[in-house]
Amino acid sequence: MSLIQLLELPAFGDGRGDLVSIEAGKHIPFQIKRVYCLFNLGDHPRGMHSHRKLQQLAFCVHGSCRFVLDDGARREDVVLSGPAKGLLIGNLIWREMHDFTDDCVIMVLASEHYDEADYIRDYDTFLEVVRGKAV
Ligand code: T46
């Protein structure tokens, strides 16, 4: 199975414009405890870490950017754009974000509150954890 799991949300468009709705418990495979946005992004890649427990669903609600996902054995990427297409990012997946357009706004729905202890920010440590050598 591909590392890139996209969740397509229904869009309701009419003569006035478009509307996308996300319903907790219906569209999202986890309880949402936190929402955050990334904007004013420049040339610097973001992410470059994994999470021990956190699950997330990321949308590029405006502009576009490229997500790289890596499970320690495979590395795949996807260009994300638009509020109707979310990228599921499970736990123990290394993620990187690159190639932000000037107008890029990313919204992330997260299964846990912010906890720095949940982050694995070193790639070699990430590999040791996914290969079962460390916790
Ligand atoms: C992820 C990718 C997609 C908080 O205080 N609360 C928060 O909820 C978040 C997400 C961050 N922060 C603080 C921690 C750092 O001092 O904001 C600063 C920047 O966070 P970070 O360097 O982790 O940001 P990114 O863009 O590299 O990663 C973020 C999320 O942290 C991460 O979970 O998966 O977006």
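On a 1 Å grid over the protein atoms alone, a pocket is an open set of points with protein on both sides within 12 Å along at least five of seven lines, and a cavity is a set of points where a 1.4 Å probe fits but cannot get out. Grid points are joined across faces, edges and corners, and a volume is the space filled by probe spheres set on the points.

The structure is a predicted model: local features need pLDDT of at least 70, side-chain atom pairs count only at pLDDT 80 or more, and totals for chains, interfaces and linings use all residues. Residues are numbered from 1 along each chain as its sequence is written, and side-chain values use heavy atoms, with hydrogens and water left out.

**The largest pocket**

The largest pocket has a volume of about 230 Å³. Its lining counts 15 residues; Tyr 36, Leu 38, Gly 47, His 49 and Met 97 lie nearest its centre. A lining residue has an atom within 4 Å of a grid point. Strands E4, E5, E6 (56-70) and E8 each supply at least two lining residues. E5 gives the largest share, 4 residues. Strands are DSSP runs of at least two residues, numbered from the N terminus. The lining divides into 8 nonpolar, 4 polar and 3 charged residues. Here Ala, Val, Leu, Ile, Met, Phe, Trp, Tyr, Cys and Pro count as nonpolar, Asp, Glu, Lys and Arg as charged, and the others, Gly among them, as polar.

**The ligand**

The ligand sits in the largest pocket, meaning that more than half of its atoms lie within 2 Å of the pocket's grid points. Around the ligand are 13 residues, of which Arg 34, His 51, Gln 56, Arg 95 and Tyr 119 come nearest. To be near, a residue needs a heavy atom within 4 Å. E5 (46-51) is one of the strands that supply at least two residues of this shell. E5 also gives the most, with 4 residues. The shell holds 5 nonpolar, 4 polar and 4 charged residues.

**The cavity**

The structure holds 1 cavity of 30 Å³ or more. The largest cavity has a volume of about 40 Å³. Among its lining residues are Arg 34, His 51 and Tyr 119.
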